Each structure stands twice: as C-alpha cells, then as structure tokens.
Amino acid sequence: MQSPFLTPSLQSRPDSLALLQLRRDDIIPTILRTHDDEQLGYDEGKVTNTRYGSFPHSTLLNQPWGSQLAASKVDTGSRGRRPAKGQKRKADELEEGQLSPKAPVQASSGFLHLICPTPESWTASLPHRTQVVYAPDYSYILERLRVRPGSTIIEAGSGSGSFTHAAARAVFNGYPAYEPATKRRRLGKVCSFEFHQQRAGKVTEEIKQHGLDGIVQVTHRDVYNDGFLLGDPTTGASPKANAVFLDLPAPWLALKHLVRKPSSGSESPLDPLSPIHICTFSPCLEQVQRTISAMRQLGWLMISMVEVQHRRIEVKREITGLDAEGIRGAVIFPKSVDEAITKARVVEERARAFHDRFRDENYKKSAPIAKEQEEQEDKEKGTTDKNPQQDNDTETPADAALAKSRPSPQNPNPKPNRKNTTPPHKLGRLVHRSELDLKTHTSYLVFAVLPRDWSEEDELKCQQAWPSNSTETASQNAKPKSKTQMKREAKAQRDKNKQPEKEEKSAPEQTGIDEA
Ligand SMILES: C[S@@+](CC[C@H](N)C(=O)[O-])C[C@H]1O[C@@H](n2cnc3c(N)ncnc32)[C@H](O)[C@@H]1O
C-alpha cells in the first residue's frame, strides 16, 4: 500500500486516511470506508459525527482534496433499537450485503473540508497518548540532524508517533516493496523504539494503516537497558543509523549504547562510514546538563543547546473608522483627529438641538407673551428676515463640511460621503501580532556530532588521495593505488613510526650513559 503521507493521490480513496477539518485547529482523522466496520447501524454506512453535523463516508469518498463538503441527514432512529425475534440488526444486514447503504440526504447546514494527510496535519489531529513533538520543533530538528532521503534515523520513544511521521517523510527514498534498495541508492528508514507496550502496539497499528510499514520499524524495547539493535538486543542487526533523536525522560542513560565500540562487545547501531548527528529533547535544564556531561565523556563533539521559541504571527487588515459600520471585524472608532472632531460636533449639535427643543416647549407653555416680545425685538433688529444667500457667502470650508455632516430628518446618522475605489481585501491598516495560544511545550534541544570511525588505513587512504605536500596537478596525475598496495604502504609506514622508539630504547647502551 502506498502512503498518503508520501505519495498523495489527487482525491480521497477507500481504506485510506483522510483528515476532516472543521475549523483551523480542529481536525478529525478517519479511515474512509465503503462499509461500517464498527457496525453502528446507520442506513448510510459508516458515518463520522462532528459538532457541525454527520458525514457519511459515501459523501467523503473519491472527492478532490480540499473540497468543502456538506453535512447529511442520517438515519439514527433505528440505531441501538433491539430487533424483533428472528429479525436481524440493520448493521448485520448491511455487513452481509443484503442491504445497500442508503443515499444520504444533504442537511441544511454544516460543512467541513477534506484534507490530505501530512505529518503537520497529523500532529494537529492525532490521538494524544503522550506529550508530542510539534511541527516547529521537528522541522528544525530534522534539518539540524541532516536527515535526507535515504538516511536512517533512530528514534526513542515513539510516544504518539508525531515525530515518527515527520521523520518517515524526511527519509523516504522509495518503497522497499516496489523499488528495493541498490548499492548506489539507500532507502530511508526510521527505527523507532518504545518501552510502553500499548503505545508501541498503537504506533505499529497506525504505521500500518498509513502505509508506512516498509519505512518505519517499531520495536518494543527499554532502550536504557537493551540499546538500539534491531531484533535481538545483543545479537540483532545494526540499523547503521546516521541520525538519532532521543525524546526520553533520561536520555543520558541511553547514550552508552550510541558509541562506535559498545562495551558489551555487540555491534554498534551507528553507521561506521558517516558522522552521527544526535538531538535530545528535554523539558528542563537539569536534564540538559546531565545529557551534555554524558556526551562529553563519550566523545561527542560540537555540543550545543537550542530552545525553539516559535510564534505564529497573525497578519490581518484592521479597518478602523466611523464610516466602517457594517463591515465584519471593523473597529468603529474615529481613525483621525478630523473624524473625531466632526463626530464630536455632530454629537454636540444634536444635544443642543434637543435641549433647544425642550427649552422652547417649556417656554411656549410658560411665557407666550414673552415670545411675542422676542419676535417684536427681532423684527426691530431685522434678524428674522435673514437672507440665506448672505449666510452661505460667509461660510468657511470647515463649516460647509460640518453642515454636510449635520443630522437632518432624512439622515440622522450622517457618514462622510467619500467614494472608495479600494478593493475590500485591501481596506484598512495591515497589522500583525503573535498568537499566544500556540500548541507547543518547552523543549531544550541538545545537538551534537560523533565523528566517523577513523583507522590508520583510512588516514593513509586520505593522505594518498589528497597529499598535503604535492601540487594539485601532481595529485591529479597520480595513478589510483590498489588495496593491497595501500595496505603494504600502511604497514611500511607503521614500521617506520616504530623505528625511532627502538632506537631510543637502545640508545643508552650505544652511548654508554648507563655505564658512566
Ligand atoms: C514524550 S514521549 C515521546 C513523544 C514522541 N516523540 C512524539 O512525538 O509523539 C516519550 C516516550 O518515551 C517512552 N520511553 C520512556 N522511557 C523509555 C525507555 N527506556 N525506552 C523506550 N521508550 C521509553 C515513553 O513511554 C513515552 O512514550
């Protein structure tokens, strides 16, 4: 079986993992089935129930990834009802093929998006059995471990399998079942160890369901005591790993097995021909100190510690202004001093009009004579017959703007009458802020490198291939030497190195210093 994580199809397929995304961080994993393997008794076959409705798998199958799919009305009435004597349960009949699943009827509301599985979406949706390594951490770890197609990585413990899936994608270089490894092309492998039996069983099952069983090998093992060989802990095969990731409570206890020549005399689990990159994941600095101390004793080099402080940045357009009323997510607040003053004037004007009306009504009731007197006075001053044209002539631009925004019976909530040609997605100010609710947990990552095994023979080979005292042309012209010739030269070199020691030892006799 090909894995949807490694070679995704264009659309969803039966008996394959699919992720049902309800909201951004709310994803449900499910294996799509044409029949109900749990026999829950739905007329529509297998159904996944969510808070946004019920989704029969017949509506989810053979759909392009990313599709938005509507919920369905499903027949739940007969579920759990006891069949009459001699009658079969609906689920049993469906199982025996006597009934074909009912065509689902679309519900009026509720939908989801069908997502193709990736290690990241799997991490966001997987059933948590332990603390897991999240995507920001594992992307950094795999990069620092130089994990690439064809690499072999040791992982302990497997936990919920979050890191396992990301590592499987990183090492993938072909399926062993379809394209066996050749001398020139190594197929990548993840050797995952877990000492909790149920967790080891669950990860093995998931790996099989996800089509990763040729790439990931899960072993139920206490790695502190039994190390990292595949099969038998003492005589098993070496995974020949070139990268190691330890997510264990006490990684320093496992380090004694990750050496070139184990003290037990068994084979090393490391690749003898390459340097080994290691990363340990610890939640506290005390663990980090003990790990680094053990690494120093065991010859690990380039030891460094990193804390990943990942932040998800939310970038959005913030629309602010009194004219943004009715726009979703907008902040209805003056966006400038001018707008604030205009608004304040409108409010003031409205308050004054209200109080004037109130005062006038009281005044009319209490003093009709006084009003007549007032009118008489106005007549005398000639202010009642005011020319409106004359008033406009003295009006300043600010007054004109204010007049436009004044409330009138037709427009009680005046808005600035500006013609906006900016498309809605570009409206507002571009702002960004970090999201605090990011799923993660404290991770102090210790990285180190164990250099490759280096013998005298390797040194000589190296010296012959790249002689330090000859010119580039001379080394290019040099004929490649045979293995026997190189061995002979290595022996001669060793003998030559021993020669001065002998001479030194025999020196006192020759010089006669002792005698003196
Ligand atoms: C934090 S979880 C690993 C989570 C995993 N990295 C993931 O991303 O899902 C640590 C796991 O190490 C396992 N473990 C602890 N001690 C172990 C040991 N001595 N040998 C093997 N596994 C061990 C635990 O059972 C646990 O499942």
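For these notes I count Ala, Val, Leu, Ile, Met, Phe, Trp, Tyr, Cys and Pro as nonpolar, Asp, Glu, Lys and Arg as charged, and the others, Gly among them, as polar. The model I am reading is a predicted one.

Entry 1, the shell. I looked up what surrounds the ligand and found 22 residues, with S160, E194, R199, D222 and D247 as the closest. Sorting this shell by type, I get eight nonpolar, nine polar and five charged residues. I then asked which helices contribute, and noted that α5 (162-171) and α7 (223-226) each give at least two residues to the shell.

I followed E194 first, and one of its polar side-chain atoms lies 2.5 Å from an oxygen atom of the ligand. For D247, an N or O atom in the side chain is 2.9 Å from a nitrogen atom of the ligand, while at R221 a polar backbone atom is 3.4 Å from a nitrogen atom of the ligand. I also noted that the protein covers 92% of the 600 Å² of accessible area that the ligand has on its own.

Where does the ligand sit? The space that the ligand takes is the second largest pocket, and I recorded about 550 Å³ of space in that pocket. Its lining has 29 residues, and those nearest the centre of the pocket are G157, E194, D247, L248 and P249. The elements giving two or more residues to this lining are β7 (152-156), α5, β8 (189-194) and α7. By type, the lining divides into 13 nonpolar, ten polar and six charged residues.

Definitions and conventions:
Residues are numbered from 1 along each chain as its sequence is written. This is a predicted model: local features need pLDDT of at least 70, side-chain atom pairs count only at pLDDT 80 or more; totals for chains, interfaces and linings use all residues. Side-chain values use heavy atoms; hydrogens and water are left out. A residue is near a molecule or strand if one of its heavy atoms lies within 4 Å of it. A polar contact is a pair of N or O atoms within 3.5 Å; within protein, one must be able to donate a hydrogen and the other to accept it, and residues adjacent in sequence count only if both atoms are side-chain atoms. Accessible areas come from the Shrake-Rupley method with a 1.4 Å probe; for residues, only the protein chains shown count as cover. On a 1 Å grid over the protein atoms alone, a cavity is a set of points where a 1.4 Å probe fits but cannot get out, and a pocket is an open set with protein on both sides within 12 Å along at least five of seven lines; lining residues have an atom within 4 Å of a point. A molecule sits in a cavity or pocket if more than half of its atoms lie within 2 Å of its grid points. Helices (H or I, at least four residues) and strands (E, at least two) are DSSP runs, numbered from the N terminus. Grid points are joined across faces, edges and corners, and a volume is the space filled by probe spheres set on the points.
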